[in-house]
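Here's a quick briefing to read alongside the sequence and the 3D view.

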Amino acid sequence: PFSSEDKEVIFQYQVKYEENMDCGGGYLKFAPKMDNISDFNSESTYNIMFGPDKCGFNRRTHLIFNNGKDNILKTDDLPYKQDDTVSHVYRLTLRPNDTVKVEVDGEEIFDGSIEENWKYGEPAEIDDPEDSKPEDWVDSPMMDDPEDKKPEDWVEEAKIPDEKATQPEDWDEEEDGEWERPMIDNPDYKGPWMAKRIANPDYKGEWKPKKIANPDYVPLEKIHKYDFGAVFLDVWQVNSGAIFDNIIVTDDVKEADA
């Protein structure tokens, strides 16, 4: 067991799919020490979950942190890099300044703050609940051109009486009622007329309430601090043949690069 407090720790492993994965994950879970590791299951607590995840059109490189009570997903997904059958190396660098760097095959796909990119705690600012959109706020970027007029010869009637039709000889108005010409498609029909659209000079953009300080915000410190004691493969895949190798957790960059 070890603590990541005030250390730069690298979590790295290699995974290869023997066939293209339709739905499943190739991620690892880095967890606290357990009295009996055989008790670990999909519901067990972990510190960090890291690796590729795909199901249908949903694909991403997972990086999930546990904040002590919840598993926190990144606010937007990291790109998926496991869409083939070759081996890929995943590296997560957890830094003592509470930032992380993610690399796949040496390519950096993310580098940033945990607090700013994961909803780890209460945000520093929130929408002002007392702020409201002004009545004269214009949020329509386009408008009808007031100078555009419908042409006088514009035809909006979709159907017209068939002038070639004649009343049947056996038509009896007493029994059949007054005869009317059948309606046919109007060859001159142009559809409903609509004024052309132009940019709205009064457009102010999407309205958003102003931000105020969050009274419940507590500055987070040492988000990077975890106590680790185990690494687990939580395999859930519809295709077989995932190979995991070269798993290493270290605070020595040279050892990870070797």
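Sorted by class, the residues around the largest cavity come out as 4 nonpolar, 2 polar and 4 charged. Keep in mind that this is a predicted model.

**The cavity**

- The count is 1 cavity of 30 Å³ or more.
- The largest cavity holds about 60 Å³ of space.
- One part of its lining is made up of Arg60, Thr61, His62, Leu63 and Ile64, among others.
- The lining also includes Leu73, Lys74, Asp76, Asp77 and Leu78.
- Among the lining residues, Arg60, Lys74, Asp76 and Asp77 fall in the charged class, while Thr61 and His62 fall in the polar one.

**The disulfide**

- Cys23 and Cys55 are the partners, with their sulfur atoms 1.9 Å apart.
- Cys23 sits in strand S3 (residues 23–25) and Cys55 in strand S5 (residues 48–55), so the bond ties together parts that are 32 residues apart in sequence.
- As for handedness, the torsion about the S-S bond of Cys23 and Cys55 is about -95 degrees, so this disulfide is left-handed.

**How accessible are the two cysteines?**

- Cys23 has 8% relative accessibility, so it counts as buried, the cut-off for that being under 20%.
- Cys55 comes in at 38% relative accessibility and therefore counts as partly exposed, since exposed would take over 50%.

Definitions and conventions. Residues numbered from 1 in each chain as written. Predicted model: local features only at pLDDT ≥ 70, side-chain atom pairs only at ≥ 80, totals over all residues. Heavy atoms only, no water. Disulfide = S-S within 2.5 Å. Helix = DSSP H or I, 4+ residues; strand = E, 2+ residues; numbered from the N terminus. Buried < 20%, exposed > 50% of the residue type's maximum accessible area, 1.4 Å probe, protein only. 1 Å grid on protein atoms, 1.4 Å probe; cavity = no way out; pocket = protein on both sides within 12 Å on 5 of 7 lines; lining within 4 Å. Points joined across faces, edges and corners; volume = space filled by probe spheres on them.
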